[in-house]
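Thanks for coming. I will walk through one chain this morning, element by element, and define the terms as they come up.

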Amino acid sequence: MLIHSKRSFINELQETMRDNVAGFVDRPDRTSVILRDVPFSEYRQLPGVNASTISKLAEGYRAYQSSVLENSPESIFYKESSERHFAKGTATHSLVLEGSAAYNRDVVIMPTTRIEEGEEKKNIRRGKWWDGFKAENHGKVILSGKERFQVDAMAQAVFSHQGALEEFDKAPQRELTILWWSNQFQTVCKARLDAVSLDGRSLVDLKTTRDVDLDAFSRACGRYGYHIQAYWYTEAAINGFDISEEQLAKSPIEFSFVVVESSKPAPEVAVFSVPSEMMLDGYYSVEAAFCAYEDKTWKYRSKEVLPWV
């Protein structure tokens with residue numbers, strides 16, 4: 001699975017470092033890099049295995065191949081699609097984590113009507129007008145007017161929740177991109193972390209969900225592979241911030257989810273800490289994913305609902 005050799009990856013890191021890498025230590029043996037202020041559209045184009053890839057591979061190679069593989073079946077690097085299903089979540093991330101400037105940069109509101117040949121016509125997500133509108137706003141998140149109000153309500157709910165604010169205060173660094181070389185899997189890995197403490201030892205991930213009830217969110221964790229994300233993001237922090245095994249033994253990395261409801265007029269917010277059992281299952285799922293990649297007929301267990309959170 002040698003997409004990049006370790007040496008070529010290190011050379012690429014050194015080239016990147018000379019351009020724009022904040023906080024990167026110039027060490028010949030360094031095999032990770034932290035990138036700041038990388039727009040999501042650019043992050044998607046970076047090489048590397050990410051949590052989304054792992055989640056599909058954990059279901060089996062066929063699920064991965066039918067869902068995310070675009071090019072050669074031998075390539076684990078793929079271009080992720082920006083589906084409408086994730087539009088509200090992506091927009092909420094921009095507004096909550098990066099502020100209104102980033103939100104205005106990344107998000108565009110689809111007008112409800114247009115004037116065409118002297119007549120007012122309703123805009124819909126298909127046809128010639130829609131194709132042109134998408135092309136004009138390539139790389140941006142497109143929301144309807146209703147979705148915009150829902151995003152505003154979700155952001156306001158988070159900003160008004162004391163527990164959420166306390167978690168984000170502990171992790172003031174936003175949207176960090178980390179690339180690292182995995183000796184275990186012999187490939188380049190990547191992650192984009194929502195909120196990180198200055199020392200990399202406290203991670204916060206913002207999630208939108210239908211229901212913040214404990215049982216409902218536990219089911220969502222299994223359904224969407226949040227246990228995999230928690231483990232993968234923790235690995236990114238360990239590598240990006242050079243956290244040693246001795247340091248981890250004394251004090252494990254803290255990981256929490258700030259969860260906000262996505263479809264209610266008055267969204268509720270909850271904060272959940274990730275226990276060690278959830279991290280361990282994330283580790284096993286990552287192992288399973290790489291087994292699925294090496295043995296393309298191999299299948300992992302179906303997604304279970306586990307009482308993690």
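The buried residues of α5 are Ala87, Lys88, Gly89, Ala91, Thr92, His93, Ser94, Leu95, Val96 and Leu97. Buried means under 20% relative accessible area, exposed means over 50%, and partly exposed is in between, with a 1.4 Å probe and protein chains only. That makes 10 of the 12 residues of α5 buried, so the helix is largely enclosed by the rest of the structure. Helices here are DSSP runs of H or I with at least four residues, strands are runs of E with at least two, and both are numbered from the N terminus.

Before going on, this is a predicted model: local features need pLDDT of at least 70, side-chain atom pairs count only at pLDDT 80 or more, and totals for chains, interfaces and linings use all residues. Residues are numbered from 1 along each chain as its sequence is written, and side-chain values use heavy atoms, with hydrogens and water left out.

Back to α5, residues 87-98. What span should its 12 residues have at 1.5 Å a residue? The expected span is 1.5 Å times one less than the number of residues, which gives 16 Å, and the end C-alpha atoms are 16 Å apart, in agreement. After α5 comes glycine 99, with a positive phi near 100°.

Two other residues have a positive phi without being glycine. Most residues other than glycine have a negative phi. Glutamate 117 has a phi of about 55° and sits in the loop between β3 (113-116) and β4 (119-122). Glutamate 175, in strand β6 (residues 173-182), has a phi of about 50°.

Six strands form an open sheet with mixed pairing, in the order β1-β6-β7-β8-β9-β10; two strands pair if DSSP finds at least two bridges between them. The edges are β1 (32-35) and β10 (269-273), each with a single partner strand, so one side of each has no neighbour in the sheet. From one strand to the next, the twist averages 30°. Axes are lines fitted to C-alpha atoms, for helices over the stretch in contact, and angles run from 0 to 180 degrees between N-to-C directions.

Strands β8 (residues 202-209) and β9 (residues 254-261) run parallel and are joined by eight bridges. Lysine 207 has valine 259 in β9 as its bridge partner. Helix α11 packs on the sheet, touching β1, β6, β7 (187-196), β8 and β9, and its direction makes about 100° with that of β7. Contact means heavy atoms within 4.5 Å.

Threonine 234 lies in α11 (residues 226-240) and is buried at 10% relative accessibility. Its side chain reaches the backbone oxygen of alanine 230 at 2.7 Å. Not counting residues up to four places away in sequence, threonine 234 touches Leu203, Ile253, Phe255 and Met279.

Alanine 164 belongs to helix α9 (residues 162-170) and counts as buried at 0%. Leaving aside neighbours within four places in sequence, alanine 164 contacts Val158, Val258, Val269 and Val271.

To finish, the whole chain. It has 13 helices and 10 strands, and buried residues make up 49% of its 309 residues.

Note on methods
Polar contact = N/O pair within 3.5 Å; in protein donor to acceptor, adjacent residues only side chain to side chain.
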